[in-house]
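Subject: Handing over a structure, with notes

Dear colleague,

Please open it below before going on to the text.

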Amino acid sequence: MVARWKVAVAQFGSIPDNPIASARKAAGIIRQAASEGAKLVVFPEAFLGGYPKGASFGCPVGVRKPEGRQAYLQYYNAAIDLTGTEVEIVTEAIAAAEIFVVIGCIERDGGTLYCTALFFDGKNGLVGKHRKLMPTAGERLIWGFGDGSTMSVFDTPMGRVGAVICWENYMPMLRMHMYSLGISIYCAPTADDRDSWLPSMRHIALEGRCHVLTACQYLTRDAYPADHESSLGNQPDTVMMRGGSAIIDPLGNVLAGPHFGGEAILYAEIDPDDVQRGKFDFDVVGHYGRPDIFQLTVDDRPKNTVNPLSTIGKG
């Protein structure tokens, strides 16, 4: 048996207005990581489709400005369809590399955008997704809300892989649900580059007794088009997101990162048995739980706005 696995987080900036170029960049990173022996790579939030850092979309309270509608149209057009070329490019790279990948995207579904994490398996292509349940603050202007049907984990030889996006990680009940699924490789794509992020990731590793892989973009103003509204400034070298990606083991030890020095792939070797070693004295959904006092009910059914009676109950 293979006792240890090499995993990676990809701290790179996307090309916010060009998702195909971002997909090609991701494909190159995947090939590079695989050549270094990595069997799993985690990319940041919104890598495909872009994170609109510093933009307000023309929305003071009670007002929607025409230029904001135009900005949203441009952002909508830069999002991806899960049957589109971007997914094909990533799938081809992953198949050739025989690697598992988690990558953030802006998913277009009808007239709504979702902040989504996609899961790719080298042998099977796109195997699942997680839609962000609660967009944070101004993100609610531009992204829809995920429901409980996309909170899954995926079995791999390395362990059970799942994703919780950015400030979803501050939702204790969502974390508890993920722990109940037996997550052992907890992926946290994010846009939070503050110093406070790493302590949160270390806490989650300790709380869930899981490996935590968090990936944030390193991105400067010149990556965005000239007409991008930026509350952070418009100098080309203005840092919009400074990274801070890291890999943490189930006892809270930092194995790689946090990295703030530009684009990079961070690597670490993980031992799946460290998960069970950690649960010797703390299993939050097992011997350290108190179901006689606390219980969590999770509604994991899909929630559709329209449910034709002719389709209800059919597979």
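What follows is a description of the chain as a whole, and then of some of its parts.

Please keep in mind throughout that this is a predicted model.

**The chain as a whole**

The secondary structure of the protein chain consists of six helices and 14 strands. Its radius of gyration is 19 Å, close to the 20 Å that the globule rule gives for 315 residues, so the chain is as compact as a globular protein of that length. Along the principal axes, the C-alpha atoms fill a box of roughly 60 × 50 × 35 Å. Of the 315 residues, 52% are buried, and among the contacts with a separation of 6 or more, 69% are made by residues 24 or more positions apart.

The protein chain exposes about 14,700 Å², and 53% of that area is supplied by carbon and sulfur atoms. As for charge, there are 29 positive and 35 negative side chains, and the centres of these two sets lie 3 Å apart.

**Helix H1**

The buried residues of H1 are Pro19, Ser22, Ala23, Ala26, Ala27, Ile29, Ile30 and Ala33. These buried residues pack against strands S1 (5-11), S2 (40-42), S3 (100-109) and S14 (264-270), and also against helix H3 (85-97). After H1 comes glycine 37, whose phi is positive, near 95°.

**Backbone geometry to look at**

Most residues other than glycine have a negative phi, and most peptide bonds are trans.

- Phenylalanine 57, in the loop between S2 and helix H2 (66-77), has a positive phi near 55°. Its relative accessibility is 9%, below the 20% cut-off, so phenylalanine 57 counts as buried.
- Arginine 209, in the loop between helix H5 (197-208) and S9, is not a glycine and yet has a positive phi of about 50°. Arginine 209 counts as buried because its relative accessibility is 9%.

Histidine 211 belongs to strand S9 (residues 211-216), and because its relative accessibility is 1%, it counts as buried. Leaving aside neighbours within four places in sequence, the contacts of histidine 211 include Ser184, Ile185 and Tyr186, then Ile248, Asp249 and Pro250, and also Ile270, Asp271, Pro272, Asp274 and Val275.

Aspartate 109 is placed in strand S3, and with a relative accessibility of 40% it counts as partly exposed. Not counting residues up to four places away in sequence, aspartate 109 touches Tyr114 and Arg131. Its C-alpha atom is separated by 13 Å from that of isoleucine 142, which is 33 residues away along the chain.

Technical notes. Residues numbered from 1 in each chain as written. Predicted model: local features only at pLDDT ≥ 70, side-chain atom pairs only at ≥ 80, totals over all residues. Heavy atoms only, no water. Buried < 20%, exposed > 50% of the residue type's maximum accessible area, 1.4 Å probe, protein only. Helix = DSSP H or I, 4+ residues; strand = E, 2+ residues; numbered from the N terminus. Contact = heavy atoms within 4.5 Å. Rg over C-alpha atoms; globule rule 2.2 N^0.38 Å. Areas by Shrake-Rupley, 256 points an atom, 1.4 Å probe, with all protein chains shown as cover. Lys, Arg positive; Asp, Glu negative; His and termini not counted. Charge placed at Lys NZ, Arg CZ, Asp CG, Glu CD.
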